[in-house]
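Visitor: Could you take one loop of this molecule, look at it closely, and then show me how the rest is put together around such places?

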Amino acid sequence: MATISSTGTSAPADGSGITHSIYWRDTEAVEPGPPLAGDVRCDVGIIGGGYTGMWTAYFLKQADPSLDIHIVEMDYAGAGASGHADGFVTPTIGHSLAGLVHGFGTERAKTAYAVVGRSMLELDRFCRKHDVDAELESTGYFSVAASEAQLRLLRRDVDLAEKIGAKNSLQLLGRAEARERIGSPAIHGAFKVGGALLNPHRLARGLARVVRGMGVHIHERTTATGVTKENGRHVITTPGGRVVADKLVLGTDAYQHQFSGYKHGVKPVWSYAVVTEPLTEEQLAQVHWPDREGFVESRNFIIFGRFTKDNRLLFGGGPAPYYYGRDMAEDKYMRRDASTQFLRDALVRYFPAWRDVRIAYSYGGCVGMTRDFVPHVGNTDDGVYHAYGYCGNGIALTHTAGKILRDLILGRDSAYSNLLFVNRKERRFPVEPVSWMGARALTALLSFQDRHPNLIKKQLV
Ligand SMILES: Cc1cc2nc3c(=O)[nH]c(=O)nc-3n(C[C@H](O)[C@H](O)[C@H](O)COP(=O)(O)OP(=O)(O)OC[C@H]3O[C@@H](n4cnc5c(N)ncnc54)[C@H](O)[C@@H]3O)c2cc1C
């Protein structure tokens, strides 16, 4: 299916037959709506038509249908990380459960996990209620160990899960049992995590349809070029007109550094994936994988795999580069041959029987990382609301963030507005080139630990 977007149709395949554009975009064509023309006056103005912006609008409209809400989106709704994601609906907050428990203590981590867990269930209900075909499969996924050292990490996570009251859902499976679930010779052990797999692009497009149906205005192909304050109101300037709003939401995650005050709060870090051609029935029969769960290998730079609805294999992860000056240029970095090779090798290591399956797509996208590896949701005294830095685990969390922003905007003191990542003082990234050098050093250290887990046992992130 051809994809129409303001960034053009799918890229042509390279010499080896691989297309360097996002697979999901080819699963539902997009015809972006018209850009903003003229000035509008409203209650809430939102920059960013991804999950954060749209869930915030959704929950606000649900709470108060009379609110007038305008979203400006520079491309089309879902064109950012929301339409790129690998589709694992996870309860993970920030980088890892271990990081959260160590950083915030058991009780606060437990509350936060319960709330995000509720979002995972509500996502499923939302899709059913609104007929959004996000290809959601409630299979959950396995956290797997591919070495004895990684098995230690799984045991640690099971212990932590017990502390936060989730032990019953985490049963550590030994090598043989795990391979009964996913027949890979690379797997040494595993535990099942609740959750789901979905098509992130179709969820974003479905969500856009639903919020538009509720009366929210989404102006696609509309770039916010400036944000100012006039007569106590926020003014979003765009090439075709202005949005004048009482409250302003910045929902741009990895792009958030463009706004004054947020530059050192978030870094765009690239995450890559490959997607194969659809597997034939004969190929599918070569590997025992009866329930189609996804899996995530437990290491710093996780490696993960899953099926798509049309029986392609998606493999992602590995080293995640940061480019100098927060460079997010797709034309420069969408293709990264080292990542394609790394992921192909991982695929063959997991499933030698599929060594000849052709890679059809290879691409990357920007994850918003914060210095303390947890998201930040909150507001300034000036009526500016924000949510960003989901650290690669944003599908369920953005849904939670939408509820938090609803409560902050409506001035409600609720369980959501008091979660551990709300209005928390953040650690900032240093200026360039220190930031770039720091990212390179950390990447080298984390990769070293992934390769030699017995030499550095301390948890680094
Ligand atoms: C490659 C990749 C894989 C991922 N995989 C997973 C996964 O499997 N599971 C999971 O839970 N999470 C995953 N994530 C993370 C998740 O996708 C994000 O956390 C989430 O989508 C963030 O949503 P958002 O709305 O905050 O940001 P985005 O979806 O990035 O939305 C921000 C929007 O703002 C727009 N914008 C930026 N600047 C402007 C401007 N000046 N004017 C107007 N519009 C602007 C952008 O075009 C964009 O559409 C992944 C992310 C990436 C990049």
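Guide: Helices (H or I, at least four residues) and strands (E, at least two) are DSSP runs, numbered from the N terminus. This is a predicted model, in which local features need pLDDT of at least 70 and side-chain atom pairs count only at pLDDT 80 or more, while totals for chains, interfaces and linings use all residues. Residues are numbered from 1 along each chain as its sequence is written, and side-chain values use heavy atoms, with hydrogens and water left out.

Let us begin with Glu 220, which sits in the loop between β7 (217-219) and β8 (226-230). Its relative accessibility is 0%, so Glu 220 counts as buried (under 20% relative accessible area; exposed is over 50% and partly exposed is in between, with a 1.4 Å probe and protein chains only). The side chain of Glu 220 makes a polar contact with the side chain of Arg 212, at 3.2 Å. Such a contact is a pair of N or O atoms within 3.5 Å; within protein, one must be able to donate a hydrogen and the other to accept it, and residues adjacent in sequence count only if both atoms are side-chain atoms. If neighbours within four places in sequence are left aside, the residues in contact (heavy atoms within 4.5 Å) with Glu 220 include Glu 31, Pro 32, Glu 73, Tyr 76, Arg 205 and Arg 212. Glu 31 is 189 residues away from Glu 220 in sequence, but their C-alpha atoms are 9.8 Å apart in space.

The next residue is Arg 221, found in the loop between β7 and β8 as well. Its relative accessible area is 39%, so Arg 221 is partly exposed. The phi of Arg 221 is near 50°, a positive value in a residue other than glycine. Most residues other than glycine have a negative phi, and most peptide bonds are trans. Asn 311, in the loop between β13 (303-307) and β14, is not a glycine either and has a positive phi of about 60°. At 17% relative accessibility, Asn 311 counts as buried. In the loop between α11 and α12 (434-451) we find Pro 433, which a cis peptide bond joins to Glu 432, with omega about 5°.

We turn now to the helices. Helix α4 (residues 106-129) has 24 residues, which should span 34 Å at 1.5 Å a residue, and its end C-alpha atoms are 34 Å apart, which agrees; the expected span is 1.5 Å times one less than the number of residues. Among the buried residues of α4 are Ala 109, Tyr 113, Val 116, Met 120, Leu 123 and Phe 126. The buried residues of α4 pack against α1 (51-63), β3 (88-89), α3 (97-104), α7 (200-213) and α11 (395-409). Just after α4, Asp 131 takes a positive phi of about 55°. Of α11 itself, 15 of its 15 residues are buried. Its 15 residues reach 22 Å from first C-alpha to last, close to the 21 Å expected.

The largest nonpolar core holds 85 residues, of which Phe 126, Leu 203, Tyr 363 and Phe 421 touch the most other members. The largest share of this core, 9 residues, comes from α4. Apart from it lies another core, of 35 residues, among them Phe 315, Ala 346, Val 357 and Ile 359. A core here is a set of buried Ala, Val, Leu, Ile, Met, Phe, Trp, Tyr and Cys residues joined through side-chain atoms within 4.5 Å.

Lastly, consider the rings. Those of Phe, Tyr and Trp (its six-membered ring) pair if their centres lie within 6.5 Å; planes under 30 degrees apart are stacked, over 60 edge-to-face, and the rest tilted. By this rule there are 27 aromatic pairs. Phe 315 and Phe 351 form an edge-to-face pair, 6.3 Å centre to centre with 90° between the planes. Phe 315 belongs to strand β14 (residues 313-317) and Phe 351 to the loop between α10 (337-350) and β15 (359-369), so the pair ties together parts that are 36 residues apart in sequence. Tyr 350 and Phe 351 form a tilted pair, at 6.2 Å and 50°, and both residues are buried. Ring pairs link Trp 289, Phe 295, Phe 307, Phe 315, Tyr 350, Phe 351 and Trp 354 into a cluster.
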